[in-house]
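Me: I would like to learn how to read some features of a structure. Please take me through them one at a time.

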Amino acid sequence: MDAPFLLTFFLAVLATLGTLSTMSEARAFFVFGDSLVDNGNNNYLATTARADSPPYGIDYPTHRPTGRFSNGLNIPDILSEQIGAEPTLPYLSPDLKGEKLLVGANFASAGIGILNDTGIQFINIIRISRQLQYFEQYQKRLSSLVGVAQAKQLVNKALVLITLGGNDFVNNYYLVPFSARSREFALPDYVRYIISEYKKILGRLHELGARRVMVTGTGPLGCVPAELAERSRDGSCDPELQRAAALFNPQLIQILNELNAELGSDIYISANAFKMHMDYISDPAAYGFATSKIACCGQGPYNGLGLCTVASNLCSNRNLYSFWDAYHPTEKANRIIVNQFMIGSSEYMNPMNLSTILALDATT
């Protein structure tokens, strides 16, 4: 090969790599769901479901509360980091305009569930039906910025994360003894009902242009410090809430498989949040945690009662705790979870992990 040809070839390879890099960087990210993925929408709402006061955000880069239910970064932040994108802004943020729209948006709102009556005690939160309406509204705003065809392409190529279901148990069915939903449904019937409603939500996401949707199951609901404080005598996970998760998660996988079969494509990816969490809950020392029962911030048994506030007990080293508050993981635990999103086997991510998705989509 002569020198000019080699130079031309080298420049062509560089150009291709540059294009792939730009495509990857330009890939938008949309987030729907509850407090596990909310990054500040509830700050703009008159609701008690907010994380806008210290010590929330103590380990965030600014060391200030942001509305994330974490000491630092949450799962969407770390996923954005992994795909080489800047974090998505909350949809209600006044900063979400102009070129920031190209990054995507976070529509999640703490307290919500699959059902509209979930989290009713929080009053003013963005229920999932409204999150989907905001997604439509976002697309109109994006179209006026880049044109309809480009907006459609950006949405079709985007990554989507949706996290729902936990609150339909802890903030609805099991919220109080003899709750309205528990009087209406036996647990297996309730699970079937919320799963059928979830299928409609997921179908609507596809109608709105989503083509790569990561769907998390519920975590081990009976093992969070809030439930240990209220239901556990010896620190073992509550069997009734564990049963709820054990009924919900396989049925969720079943509807994802059904939807993929109906659509003839692997649009929906199931993320086994239960196993991701149980790995470090059942063997905290293997992941460098001192405890997987006691929350870093809180009060009462396991620091599981009430809210995390400036008056709460606060651990000095967040990296030794898997739970930040009564319900939510620390940033360190979130990083363990996202690592499984990226490289986990089919036991964790089915039919494929995010690294495989990114490699596959880069070639099409």
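Me: Which residues does Ser70 touch, not counting residues up to four places away in sequence?
Reply: Contact means heavy atoms within 4.5 Å. With residues up to four places away in sequence not counted, Ser70 touches Tyr56, Gly57, Trp324, Pro329, Thr330, Glu331 and Asn334. This is a predicted model, in which local features need pLDDT of at least 70 and side-chain atom pairs count only at pLDDT 80 or more, while totals for chains, interfaces and linings use all residues. Residues are numbered from 1 along each chain as its sequence is written, and side-chain values use heavy atoms, with hydrogens and water left out.

Me: Where does Ser70 lie, and is Ser70 buried or exposed?
Reply: Helices (H or I, at least four residues) and strands (E, at least two) are DSSP runs, numbered from the N terminus. Ser70 lies in the loop between β1 (29-33) and α2. Buried means under 20% relative accessible area, exposed over 50%, and partly exposed in between (1.4 Å probe, protein chains only). Ser70 has 0% relative accessibility and so counts as buried.

Me: Which backbone atoms lie by the polar side-chain atoms of Ser70?
Reply: A polar contact is a pair of N or O atoms within 3.5 Å; within protein, one must be able to donate a hydrogen and the other to accept it, and residues adjacent in sequence count only if both atoms are side-chain atoms. For a polar atom of the Ser70 side chain, the backbone nitrogen of Gly72 lies at 2.9 Å, and the backbone oxygen of Leu73 lies 3.2 Å from such an atom.

Me: How many aromatic pairs are there?
Reply: A pair of aromatic rings is described by the distance of the centres and the angle of the planes. Rings of Phe, Tyr and Trp (its six-membered ring) pair if their centres lie within 6.5 Å; planes under 30 degrees apart count as stacked, over 60 as edge-to-face and the rest as tilted. The count is 20 aromatic pairs. Among them is the tilted pair of Tyr91 and Tyr134, with 5.1 Å centre to centre and 35° between the planes. Tyr91 lies in the loop between α2 (75-82) and β2 (104-106) and Tyr134 in helix α3 (residues 128-146), so this pair ties together parts 43 residues apart in sequence. Both Tyr91 and Tyr134 are buried.
Reply: Phe107 and Tyr138 form an edge-to-face pair, 6.3 Å centre to centre with 85° between the planes. Phe107 is in the loop between β2 and α3 and Tyr138 in helix α3, 31 residues apart. Phe107 is buried at 1% relative accessibility, and Tyr138 is buried at 0%. Ring pairs link Phe30, Phe32, Tyr91, Phe107, Tyr134, Phe135 and Tyr138 into a cluster.

Me: Which strands pair with β5?
Reply: Two strands pair if DSSP finds at least two bridges between them. Strand β4 (residues 213-216) runs parallel to β5 and is joined to it by 4 bridges; Val213 has Tyr268 as its bridge partner. Strand β8 (residues 349-350) pairs with β5 in the antiparallel sense over 2 bridges, and Ala271 stands opposite Met349. Both faces of β5 (residues 268-271) are covered, with Tyr268 and Ser270 buried on one side and Ile269 and Ala271 on the other.

Me: Which residues of helix α12 (residues 354-362) are buried?
Reply: Leu354, Ile357 and Asp361 are buried in α12. Seen down the axis, the buried residues fall within an arc of 55° (taken from the directions from the helix axis to the C-beta atoms), so they line one face of the helix. These buried residues pack against α2, β3 (159-163), β4, β5 and α11 (331-343).
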